[in-house]
Amino acid sequence: MRVNVPLAAAAAALLITVSVRVTAQGPPVQPPTPARQQPAPAGQTPAPAQPAGGGRGRGQATFPAQQRPPGDPAVVQRGKTLYEINCRLCHGADLRGGDMGGVNLLRSQLVLNDQAGELILPVVQNGRQNPGMPVMPPFPLPPDDVKAIAEYVHSVVAQARPQGAPPPGEDVPLNIVVGDAKAGEAYFNAKCAACHSPAGDLRGIATRVPQPMQLQNLWVAGQGGFGGRGGRGGAPAAAEPAPRKPVTVAVTTSNGQRIEGRLDRIDDFYVTLTPSDGLQRTFRRSGDVPRVEITDPLDGHKKLLVQYTDKDIHDVTAYLVTLK
Ligand code: HEC
Ligand code: HEC
């Protein structure tokens, strides 16, 4: 087993909560969300105010990100590696948004307005959890790592052609079925068989999810997110797995009252949940008060996430595509 630190950090973040979806190419519709604006961290220049719905409107012709000097190649390379480990799954190999619902970073106003990671850092460290949107989990990455990722993102943005087209060169490989199915089967038997079986719940999974990339995202995350958290307008293309068990939360107030329900939204300042009576409630958070305990049915998957090597992922996908 290989555990590397950034991956472990990412997975630790994912342990908190994750909800992803397997469609979503275009930027999703933004629901109105107060308290989304994150303050700039101490010691950083405060960010220019973001328009509400940050990053999805039409921008001006020029952006700081396109006028900045090119980053140090070593930092950019480190950032690329960190991006691949932590962000690629959701935001895509070419930053245009991945199958798991991360938004297009090439068209993000927030990214375009970012100079040196000061706007990206709070998003990465706090995550994003807005109802009706797929979740971005918080990543406890050190500021230097996030700055390196920002340098990498800016290096791609700088080459990006207009309209969020992918940067020229370096084609994104489409065939992801490059693993060893036999090794994948052995891995499956060792790590997955406690909860799944090829003849049981995963029977015909490759028929249900015919695109290997989608299938890979599905098993790595353990869910597609369809119909999960409020859903989104556009119907997903192919397979639509059954709605998942939601992430739940228990809030214990300072006077000992405990309220449990479906987690709708959480950030550093508020937690919003819907108990079984259907009446949504929001609590203001201040440090550890009230106490917040999140339960995610997919904890098993998130624990495994720290363990996968690239080879394991390739092998397991190669095995799963045989389960027609
Ligand atoms: C599990 C999927 C997932 C992962 C992993 C992920 N993101 Fe995100 N990210 C999202 C989603 C979904 C949104 C949009 C959420 C929202 O706006 O409510 C988002 C939004 C963002 C935004 C804000 C874009 C804007 O215009 O508002 C930035 C910047 C960003 N992500 C950067 C990153 C970086 C850097 C990483 C890696 C450290 C990363 N993300 C990892 C899913 C993900
Ligand atoms: C501790 C139990 C556990 C382990 C171990 C586990 N999973 Fe899962 N898996 C789940 C749960 C729970 C779900 C979500 C099922 C649901 O919500 O219907 C899930 C969902 C999935 C799905 C989506 C199924 C669907 O029908 O859409 C796939 C594919 C999957 N897991 C593959 C794997 C693979 C491959 C491994 C091993 C690398 C693995 N799982 C390990 C519990 C586990």
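**Close-up views of the cores and strands**

**View 1. Contacts of V153 in the predicted model.** Leaving aside residues up to four places away in sequence, V153 touches L95, L105 and V111. The coordinates shown here and in the following views belong to a predicted model.

**View 2. The largest nonpolar core.** This core comprises 27 residues, of which V111, I120, V124, V146, I149 and V153 touch the most other members. Two or more residues are given to this core by each of α3 (73-86), α4 (88-91), α5 (109-113), α6 (120-126) and α7 (143-159). Helix α7 provides the largest share, eight residues.

**View 3. The two faces of strand β3.** In a regular strand, side chains alternate between the two faces of the sheet. Strand β3 spans residues 270-274 and has a covered face formed by V271 and L273. Its uncovered face carries Y270, T272 and T274.

**View 4. Pairing of β2 with β3.** Strand β2 (residues 258-266) pairs with β3 in the antiparallel sense, over four bridges. Within this pair, L263 stands opposite L273 of β3. The hairpin that joins β2 to β3 runs through three residues.

**View 5. Pairing of β3 with β4.** Four bridges link β3 to strand β4 (residues 281-284), again in the antiparallel sense. Y270 stands opposite R284 in β4. The hairpin formed by β3 and β4 has six residues between the strands. In its turn, G278 has a positive phi of about 80 degrees.

Definitions and conventions: Residues are numbered from 1 along each chain as its sequence is written. Chains are lettered from A and ligands numbered from 1 in the order in which they are written. This is a predicted model: local features need pLDDT of at least 70, side-chain atom pairs count only at pLDDT 80 or more; totals for chains, interfaces and linings use all residues. A nonpolar core is a set of buried Ala, Val, Leu, Ile, Met, Phe, Trp, Tyr and Cys residues joined through C-beta atoms within 7 Å. A residue is buried if 20 or more other C-beta atoms lie within 10 Å of its own, exposed if 12 or fewer, and partly exposed in between; C-beta atoms are placed from the backbone. Two residues are in contact if their C-beta atoms, placed from the backbone, lie within 7 Å. Two strands pair if DSSP finds at least two bridges between them.
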